[in-house]
Amino acid sequence: MILIKNAMIKTMAGKDIPNGCILIEGDKIKKIGENLTTPAGAHVIDATGRLTTPGLIDGHSHVGLFGEACGWEGDDGNEMTDPITPHMRAIDSINPMDEGFKTAVTGGVTVIGTGPGSGNAIGGTFTCIKLHGNRVDDMILRDNFAMKIAFGENPKWVYGQHQKKSPSTRMATAALIRETLFKAQRYSDELLEYEKSTKKDKKKPPFEMKMEALLPVMRRKIPLKAHAHRTDDIFTALRIAREFNLDITLEHCTEGHLIVDALVQENKFIFIGPSFGSKSKLELLHMSFDTAKILSDAGLKIAIITDAPVIPQQNLAMCAGFAVKAGMNEDKAWEAITVTPAKAMGVFHRVGSLEKGKDADIAIFNGNPLFEIGCTAAYTIINGKIVHDAG
């Protein structure tokens with residue numbers, strides 16, 4: 001048992017508790033409130049004057065797939081031999097021993113959605129994991145929660161520029177995705193017809209690995225996770241999703257502030273970032289921390305991301321802080337790194353807020369990381385275990 005006492009608790013589930021306690025039993029929050037009795041034998045953390053929040057959540061990362069000491073051997077995030085690879089699964093590339101896991105928890109980050117990069121038009125599935133453990137199978141919060149697709153410069157650069165093959169244009173990227181989805185829809189329909197038949201008068205469709213991987217997408221069990229920076233790429237992603245009646249989330253959405261009214265009509269989850277760093281390619285020309293503020297003010301469901309290791313994972317709170325500096329409401333910024341990504345990944349019933357019965361994923365900060373550059377976690381707790389202790 002662990003008792004956190006005298007904490008300034010930001011529950012993300014209603015009112016803050018200025019001087020509160022959290023009792024952890026096993027891997028869950030057993031009680032939260034004021035003046036809790038210390039159980040016999042409990043390990044006590046005195047959090048006097050320290051901000052205590054849910055463990056921070058990044059819904060778009062590549063930690064574990066792109067290593068901290070990367071180079072060729074540490075790069076396992078893009079299978080750049082085929083632009084269509086929906087059968088790739090993040091779980092098979094994640095290396096929990098990578099340094100990125102150890103440093104992430106120093107910033108209070110406890111959960112990430114990690115998966116393939118944007119080299120391919122269809123890249124494979126993302127998985128939602130806890131940031132503690134040495135066997136990825138035991139770290140999974142929700143596997144295969146989204147299917148990565150990508151528009152814009154990256155697939156063009158990988159295939160058109162370097163391999164001199166398709167896709168070399170935005171048209172070709174869209175066409176390849178659309179062609180694959182048509183095939184997946186037919187595969188899904190034929191399987192459903194077979195399953196509904198007596199199975200004597202129907203032959204089961206031949207197994208196709210890529211099409212099997214897309215079945216959860218076609219049946220709206222998981223969304224497409226669409227890498228799109230420019231406005232035209234954002235609209236292409238939305239157009240294709242609408243054509244096939246698919247769920248979709250918008251990733252990066254760098255020029256989203258230029259098309260606010262259209263995005264309000266679409267009302268999709270939007271993962272904003274990485275917004276810190278150089279404008280390394282043309283489609284980042286309008287990159288700004290204003291984007292999160294403008295879209296949040298419009299009532300859209302915004303999550304802030306690092307795209308780690310583009311921005312080191314432990315700096316997630318700093319990214320939210322820069323958005324606040326640009327005018328974003330502070331409470332909305334906290335939601336963008338806790339509640340909203342948890343909801344978008346379908347794991348809010350377990351993480352994203354401090355409530356009785358939820359997973360004991362907790363960050364105790366030395367200050368307010370949204371306002372103090374370099375503010376780190378004094379303690380980070382995952383599944384009821386102290387995984388980072390800076391005292």
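Colleague: Which residue lies over the face of Phe271, and how far is it from the ring centre?

Modeller: A charge counts as sitting over a ring if NZ of Lys or CZ of Arg is within 6 Å of the ring centre and within 35 degrees of the ring normal. Here Lys225 lies over the face of Phe271, at 4.0 Å from the ring centre. Likewise, the charged end of Lys301 sits over the ring of Phe269, 4.3 Å from its centre. This is a predicted model, in which local features need pLDDT of at least 70 and side-chain atom pairs count only at pLDDT 80 or more, while totals for chains, interfaces and linings use all residues. Residues are numbered from 1 along each chain as its sequence is written, and side-chain values use heavy atoms, with hydrogens and water left out.

Colleague: How many aromatic pairs does the structure hold?

Modeller: A pair of aromatic rings is described by the distance of the centres and the angle of the planes. Rings of Phe, Tyr and Trp (its six-membered ring) pair if their centres lie within 6.5 Å; planes under 30 degrees apart are stacked, over 60 edge-to-face, and the rest tilted. The structure holds 4 such pairs. One of them is edge-to-face: Phe126 and Phe145, 6.2 Å centre to centre with 80 degrees between the planes. Phe126 belongs to strand S8 (residues 122-130) and Phe145 to strand S9 (residues 140-150), so the pair ties together parts that are 19 residues apart in sequence. Strands (E, at least two residues) and helices (H or I, at least four) are DSSP runs, numbered from the N terminus. There is also an aromatic cluster, formed by Phe276, Phe289 and Phe322.

Colleague: In which sense do S15 and S16 pair?

Modeller: Two strands pair if DSSP finds at least two bridges between them. S15 (residues 377-382) and S16 (residues 385-389) pair in the antiparallel sense over 4 bridges. Thr380 stands opposite His388 in S16.

Colleague: Where are the cis peptide bonds?

Modeller: One joins Ser166 and Pro167, with omega about 5 degrees; another joins Gly273 and Pro274, with omega about -5 degrees. Pro274 lies in the loop between strand S12 (270-272) and helix H7 (290-297).

Colleague: Which residues lie nearest the centre of the largest pocket?

Modeller: On a 1 Å grid over the protein atoms alone, a pocket is an open set of points with protein on both sides within 12 Å along at least five of seven lines, whereas a cavity is a set where a 1.4 Å probe fits but cannot get out; lining residues have an atom within 4 Å of a point. The largest pocket is lined by 25 residues, with Asn154, Pro274, Lys281, Asp307 and Val310 nearest its centre.
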